[in-house]
Amino acid sequence: MKNMSYYIVLFLFLALFQSCGTEVEPPPPQPPSPEPYFKKGEYGGQELPGTEHLTWISPSPDGEKMAVVRKYTPGQSDPLYQLWIMDADGTNAELVTYNTGSMYWHPNGGKIVFNFNPHTTPYLYVFTYDLETKNIELWNSKKDQFFDKYTSASAGWFDDGERILIGVNGKAYQQKYERGVYILNVKDSTHSGPERVLFSPLELGNNNTWTVGIQYTNDRSSSNRALYNLKTNEFKWLTTYDTTSDSLRIYTGYPEINPTGREIILPKFVENAWQLFHINENGENVAQLTELGGHEVTWTRGKDFFIFNRDTHKAPGARYIPYKYNFHEGTEEPLWPNLPESVPSFPEFTTQNPIHLINYVD
């Protein structure tokens with residue numbers, strides 16, 4: 001027979017167990033997650049009537065001029081993607097041409113290279129234009145040229161002012177050269193490459209060392225953002241998203257690289273809005289730079305700031321305002337706070353004398 005002490009110990013243990021069970025309180029409820037600043041549909045989209053949308057904004061190397069690509073004249077559907085050059089303060093705008101994409105300043109500021117894309121066709125043409133002599137030259141699509149098809153696009157000048165980075169982005173009918181990265185010398189028309197096959201360069205940076213862009217695979221199942229070192233041939237992925245759903249095109253924009261540094265700016269769609277992130281050459285997220293939205297980034301050689309667009313309307317329908325982000329100070333402000341509505345006032349299209357580039361191509 002068990003002695004009395006055994007039952008006393010058992011009783012105390014059960015009492016303690018029951019007491020502990022009743023006194024344990026459930027964990028406190030977790031605070032609700034904060035609501036995103038932007039609700040769905042509040043950032044980006046179709047421009048509000050009468051407002052401007054400048055898809056490309058680039059200051060000249062000396063800071064005296066500004067080149068912009070204007071999506072269209074508000075209230076009119078044509079011509080699209082107008083290339084204007086104006087004073088740095090947003091005044092005295094002059095129309096160069098239209099149906100253009102990206103453009104890049106020559107290191108001395110007296111010349112530009114840009115891409116021409118007739119909006120009724122899938123064609124791409126590379127032009128250089130001398131702002132003083134008004135001389136314009138076409139560098140692809142002609143039979144006597146190496147790039148004898150209309151599938152090439154420029155991605156920036158090298159510091160020597162003689163070479164431009166070229167991306168062959170599509171496979172044209174009977175095209176003999178591969179898709180990929182090339183370097184074209186506009187002084188003697190020679191070329192080198194492909195430096196890397198199936199790579200579509202978007203920007204040239206880090207003192208002519210890196211190019212960032214889109215790397216395709218042979219079966220075109222991947223189109224992730226990537227970095228290619230032109231001097232060492234080293235290749236690195238910047239994004240590695242699930243390519244089966246093509247989520248990359250939905251949730252990340254085109255990377256922008258500092259022309260004279262290692263900084264890479266990547267737009268990402270998070271919490272219902274585009275925001276800007278600083279990433280490194282390994283694709284690692286270093287810091288989120290914006291909280292109120294940002295996309296369509298340009299960074300000009302020798303500047304400590306980059307320019308981006310922001311939708312300031314916060315409601316269906318967008319009002320795009322150019323902003324300047326001082327990278328070293330971590331500050332941002334409207335690019336043209338001195339102007340009404342912080343955007344340039346363009347003269348009437350009928351007062352301008354643009355170059356009709358369609359007359360220069362076959």
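Which residues form one aromatic cluster with Phe-114?

Solution. The cluster is made of Phe-114, Phe-116, Tyr-123, Tyr-125, Phe-127, Tyr-150 and Tyr-360. Rings of Phe, Tyr and Trp (its six-membered ring) pair if their centres lie within 6.5 Å.

Before going on, a word about the model. It is predicted: local features need pLDDT of at least 70, side-chain atom pairs count only at pLDDT 80 or more, and totals for chains, interfaces and linings use all residues. Residues are numbered from 1 along each chain as its sequence is written, and side-chain values use heavy atoms, with hydrogens and water left out.

**Exercise 1.** Describe the protein chain as a whole.

Solution. Start with the elements: there are 2 helices and 24 strands. These are DSSP runs numbered from the N terminus (helices: H or I, at least four residues; strands: E, at least two). Next, look at burial: 50% of the 362 residues count as buried. Buried means under 20% relative accessible area, exposed over 50%, and partly exposed in between (1.4 Å probe, protein chains only).

**Exercise 2.** Work out the order of the sheet that contains β5, and find its edges.

Solution. Step one: the order is β5-β6-β7-β8, an open sheet of 4 strands with antiparallel pairing. Step two: β5 (100-105) and β8 (136-138) each have a single partner strand, so one side of each is left without a neighbour in the sheet. From one strand to the next, the twist averages 20°; angles run from 0 to 180 degrees between N-to-C directions, with axes fitted to C-alpha atoms. Step three: zoom in on β5 and β6 (residues 111-116), which pair over 4 bridges. Two strands pair if DSSP finds at least two bridges between them. Met-103 has Phe-114 in β6 as its bridge partner.

**Exercise 3.** Classify two of the aromatic pairs.

Solution. The count comes to 25 aromatic pairs. Phe-116 and Tyr-125 are 5.9 Å apart centre to centre, with 35° between the planes, and form a tilted pair. Planes under 30 degrees apart count as stacked, over 60 as edge-to-face and the rest as tilted. Phe-116 is buried at 3% relative accessibility, and Tyr-125 is buried with a relative accessible area of 3%. For Phe-308 and Tyr-323, the centres are 5.7 Å apart and the planes at 25°, so this pair is stacked. Phe-308 belongs to β22 (residues 305-311) and Tyr-323 to β23 (residues 320-326), 15 residues apart. Both Phe-308 and Tyr-323 are buried.
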